[in-house]
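Please look over the sequence and the fold below before reading on. The paragraphs that follow go from the overall layout to individual residues.

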Amino acid sequence: FCSPCDWVLTGHTHVPGVDPARKLGNPGSWKARWRGGIAYWRHPSFTVLEVARGEVRLLRLARRH
């Protein structure tokens with residue numbers, strides 16, 4: 001999906017990134033463990049997408065311990 005004016009923001013792939021040329025954004029995964037304490041298949045990215053002034057940016061959040 002590529003649009004000259006609309007963005008697609010999704011989290012399903014769990015891979016963080018922003019592609020301004022294709023107008024695609026993905027915040028990544030925050031999940032570290034499944035229920036029962038089983039480790040999740042991908043490390044959490046602790047990132048969010050910020051949408052402001054017509055731009056989409058990937059921001060990394062500070063991890064809480």
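Helices (H or I, at least four residues) and strands (E, at least two) are DSSP runs, numbered from the N terminus. Read in this way, the elements of the protein chain run β-β-β-β-β from the N terminus on, with 0 helices and 5 strands in the chain. This is a predicted model, in which local features need pLDDT of at least 70 and side-chain atom pairs count only at pLDDT 80 or more, while totals for chains, interfaces and linings use all residues. Residues are numbered from 1 along each chain as its sequence is written, and side-chain values use heavy atoms, with hydrogens and water left out.

The overall dimensions come next. Taken along the principal axes, the C-alpha atoms of the protein chain fill a box of roughly 45 × 25 × 15 Å. The radius of gyration, which is taken over C-alpha atoms, is 14 Å for the protein chain, whereas a compact globule of 65 residues would have a value near 11 Å, the globule rule being 2.2 Å times the number of residues to the power 0.38. The accessible surface of the protein chain comes to about 5300 Å², of which 56% belongs to carbon and sulfur atoms; accessible areas come from the Shrake-Rupley method with a 1.4 Å probe, and for residues only the protein chains shown count as cover. Buried residues make up 17% of the 65 residues, where buried means under 20% relative accessible area, exposed over 50%, and partly exposed in between (1.4 Å probe, protein chains only). Contact means heavy atoms within 4.5 Å, and among contacts between residues at least 6 apart in sequence, 21% join residues at least 24 apart.

Together with Ile38 and Trp41, Trp34 forms a nonpolar patch on the surface, with about 390 Å² of accessible area for the three together. Patches are made of residues with over 30% relative accessible area and no salt bridge, with like charges joined within 9 Å and nonpolar side chains (Val, Leu, Ile, Met, Phe, Trp, Tyr) within 5 Å.

Tyr40 is found in the loop between E3 and E4 as well, but Tyr40 is buried, because its relative accessible area is 11%. Leaving aside neighbours within four places in sequence, Tyr40 is in contact with His14, Ser29, Lys31, Ala32, Arg33 and Trp34.

Charged pairs can be followed next. A salt bridge is a side-chain nitrogen of Lys or Arg within 4 Å of a carboxyl oxygen of Asp or Glu, and by this rule the count comes to 2 salt bridges. In one, the side chains of Arg22 and Asp19 meet at 2.9 Å, N to O; Arg22 is partly exposed, with a relative accessible area of 46%, and Asp19 is partly exposed at 23%. In the other, the side chains of Arg57 and Glu50 meet at 2.9 Å, N to O, with Arg57 partly exposed at 43% and Glu50 partly exposed at 29%.

Two backbone angles complete the tour. Lys23, in the loop between strand E2 (17-19) and E3, has a phi near 60°, a positive value in a residue other than glycine, and Lys23 is buried, because its relative accessible area is 18%. Arg53, in the loop between E4 and strand E5 (55-60), has a phi near 50°, a positive value in a residue other than glycine, yet Arg53 is exposed, with a relative accessible area of 83%.
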